[in-house]
Amino acid sequence: MWIGFALSALILVSEFINFNSGVQQAGSRSNPVFLIFVLAAWFYWLWCVHRYHDIITSIPGYHHPISPGQAVARHLIPFYNFYWVFKWPSEIATFVNWRTQAPTMQGWIVGLLVLGGFVMRILDASIGMAVVFAGGVYISRQILKALAAPPVPASAMARPGPPSALGLS
């Protein structure tokens, strides 16, 4: 996540410097260097989302319902993406809680950070992206905690889900 925070710092610097004329000019959002850093931060975030799901998909004995490509692509669907920033972290929280066998992660926290970060980008792109990457730090730490937990017993190897209809197995 340090790369994301570094990109956020570069976005902040590029907000104040006009690289075209060498003169400082606040609020130069049409600056091509600013746009490059914003796009780099956005692509890096999507790469992190892909990586989270790639890691969880590779865990033996756990069926993760979201493929890495699906996790990234659904960020690009207008209006659905507001739901999606809460859905995929909740699925990661399901994995973390299953692996640790305790309620250690809440997906809605990440959803609020990501949604809040993207809304904050309207006011200041660097702070907004830093908030998004703070959500990434939370996810990364929870996944690391889950992977450090002892393996889940064979009796609990199935992915937790809703009970079957009428309580039948």
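In what order do the elements of the protein run from the N terminus on? They go α-α-α-α-α-α, and this is a predicted model.

## The overall picture

What we have here is 6 helices and 0 strands. The protein has 169 residues, and 39% of them count as buried. Take the contacts with a separation of 6 or more: 62% of them join residues 24 or more positions apart.

## α4 alongside α6

Let's start with helix α4 (residues 80-100) and helix α6 (residues 125-148). Their axes sit 8 Å apart and the packing angle is about 25 degrees. Angles under 35 degrees count as roughly parallel, so α4 and α6 are roughly parallel to each other. The crossing of the pair is left-handed.

On the α4 side, the residues in this contact are Trp88, Ile92, Phe95, Val96, Arg99 and Thr100. They meet Ile139, Gln142, Ile143, Lys145, Ala146 and Leu147 of α6. Sorted by class, the contact of α4 with α6 comes out at 8 nonpolar, 2 polar and 2 charged residues.

## α4 against α5

Helix α4 also packs with helix α5 (residues 107-120), this time at an angle of about 145 degrees and with 7 Å between the axes. The crossing of α4 and α5 is right-handed.

Here α4 brings Phe82, Val85, Phe86, Pro89, Ser90 and Ala93 to the contact. From α5 come Gly107, Trp108, Val110, Gly111, Leu112, Val114 and Leu115. The class count for α4 with α5 is 10 nonpolar and 3 polar residues, with no charged ones.

## α1 against α6

Helix α6 has another packing partner in helix α1 (residues 2-16): the angle is about 175 degrees and the axes are 8 Å apart. That makes α1 roughly antiparallel to α6, since angles over 145 degrees fall in that class.

Which residues of α1 meet α6? They are Gly4, Phe5, Ser8, Ile11, Leu12 and Glu15. Facing them in α6 are Ala125, Ser126, Met129, Ala130, Phe133, Ala134 and Val137. By class, the α1 contact with α6 has 9 nonpolar, 3 polar and 1 charged residues.

## Salt bridges

How many salt bridges does a search of the whole structure find? It turns up 2. One of them pairs the side chains of Arg51 and Asp54, with an N to O distance of 3.1 Å. Both residues belong to helix α2 (residues 32-57), where they are 3 residues apart, about one turn of the helix. Arg51 is partly exposed, at a relative accessible area of 38%, and Asp54 is partly exposed too, at 32%.

Then there's Lys87 with Glu91, whose closest N and O atoms are 2.9 Å apart. This pair lies in helix α4, with the two residues 4 apart, again about one turn of the helix. Glu91 has a relative accessible area of 9%, and the cut-off for buried is under 20%, so Glu91 counts as buried.

How values were computed:
Residues numbered from 1 in each chain as written. Predicted model: local features only at pLDDT ≥ 70, side-chain atom pairs only at ≥ 80, totals over all residues. Heavy atoms only, no water. Axes fitted to C-alpha atoms, helices over the stretch in contact; angles between N-to-C directions. Parallel < 35°, antiparallel > 145°, perpendicular 65-115°, else oblique. Left-handed = near helix turned anticlockwise from the far one by under 90°. Contact = heavy atoms within 4.5 Å. Nonpolar A, V, L, I, M, F, W, Y, C, P; charged D, E, K, R; others polar. Salt bridge = Lys/Arg side-chain N within 4 Å of Asp/Glu carboxyl O. Buried < 20%, exposed > 50% of the residue type's maximum accessible area, 1.4 Å probe, protein only.
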